[in-house]
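Please take a moment with the sequence and the 3D structure shown here, and keep both at hand while reading the paragraphs that follow.

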Amino acid sequence: MSENSIRWVGVAIDCLDAEAMARFYGGLLGFKAYEVGPRWAQLFDPSGGVHLNIQGEDRYEPPTWPEQPGEQAKMLHFEVEVDDLEGAIATALASGGTEAPWQPPDRNRDRIRIMLDPAGHPLCLFLRGE
């Protein structure tokens, strides 16, 4: 009996504009684009690890942040560890993201910041705990 090889290699996220999302995540994470078009993009971490696929969908509805009853909620979000929070925020903004207007009041803004990618997906930039 042979073993089935199963391994996670990446994640795909939906949006309206795959090119804008590829610019954002490529700029923020330093991923390299393998293929980029208005409907599909593939990004790879040059040092290995998981890759990111981005799929443009005409019916895409951005999530509401913070979540609200009856509104499209986020399905997942990225946790991005950084060495310099303010520098990472600046990189996210320069890459086409925005800082979420609402930040969780129980979180230390000097250690974690919620950003939104161009399609409205929230992601957390955070400093590692000491």
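In what order do the elements of the protein run from the N terminus on? They run β-α-β-β-β-β-α-β-β-β, and the protein thus described has two helices and eight strands, where helices (H or I, at least four residues) and strands (E, at least two) are DSSP runs numbered from the N terminus. The model is a predicted one, in which local features need pLDDT of at least 70 and side-chain atom pairs count only at pLDDT 80 or more, while totals for chains, interfaces and linings use all residues. Residues are numbered from 1 along each chain as its sequence is written, and side-chain values use heavy atoms, with hydrogens and water left out.

As for overall dimensions, the C-alpha trace of the protein spans about 50 × 40 × 35 Å along its principal axes. The accessible surface comes to about 8,300 Å², of which 51% belongs to carbon and sulfur atoms; such areas come from the Shrake-Rupley method with a 1.4 Å probe, and for residues only the protein chains shown count as cover. Of the 130 residues in the protein, 37% are buried, a term that means under 20% relative accessible area, whereas exposed means over 50% and partly exposed lies in between (1.4 Å probe, protein chains only).

The interior can be approached through its nonpolar cores, each being a set of buried Ala, Val, Leu, Ile, Met, Phe, Trp, Tyr and Cys residues joined through side-chain atoms within 4.5 Å. The largest nonpolar core has 25 residues, and those with the most contacts inside it are Met 21, Tyr 25, Leu 43, Leu 52, Ile 54, Leu 123 and Leu 125. At least two residues of this core are supplied by each of strand 1 (10-15), helix 1 (18-29), strand 3 (40-44), strand 4 (51-56), strand 5 (78-82), helix 2 (85-94) and strand 8 (122-127). Helix 1 gives the largest share of this core, six residues. Apart from this core lies another, of five residues, among them Ile 112, Ile 114, Leu 116 and Cys 124.

Over the protein, among contacts between residues at least 6 apart in sequence, 51% join residues at least 24 apart.

Which aromatic rings pair up? A search of the whole structure finds four aromatic pairs, where rings of Phe, Tyr and Trp (its six-membered ring) pair if their centres lie within 6.5 Å, and planes under 30 degrees apart count as stacked, over 60 as edge-to-face and the rest as tilted. The rings of Tyr 25 and Phe 78 have their centres 5.6 Å apart and their planes at 75°, so this pair is edge-to-face. It links distant parts of the chain, with Tyr 25 in helix 1 and Phe 78 in strand 5, 53 residues apart. Tyr 25 is buried, with a relative accessible area of 1%, whereas Phe 78 is partly exposed, at 22%. Ring pairs link Phe 24, Tyr 25 and Phe 78 into a cluster.

The rings of Trp 65 and Trp 102, with centres 5.5 Å apart and planes at 65°, also form an edge-to-face pair. Here Trp 65 lies in the loop between strand 4 and strand 5, and Trp 102 lies in the loop between strand 6 (98-99) and strand 7 (112-116), 37 residues apart. Trp 65 is partly exposed at 21% relative accessibility, and Trp 102 is partly exposed at 36%. The peptide bond from Trp 65 to Pro 66 is cis, with omega near -5°.

Tyr 34, in strand 2 (residues 32-36), is exposed with a relative accessible area of 62%, and beyond its neighbours within four places in sequence Tyr 34 is in contact with Gln 42 and Phe 44. Gln 42, in strand 3, counts as buried at 16% relative accessibility.

Technical notes. Contact = heavy atoms within 4.5 Å.
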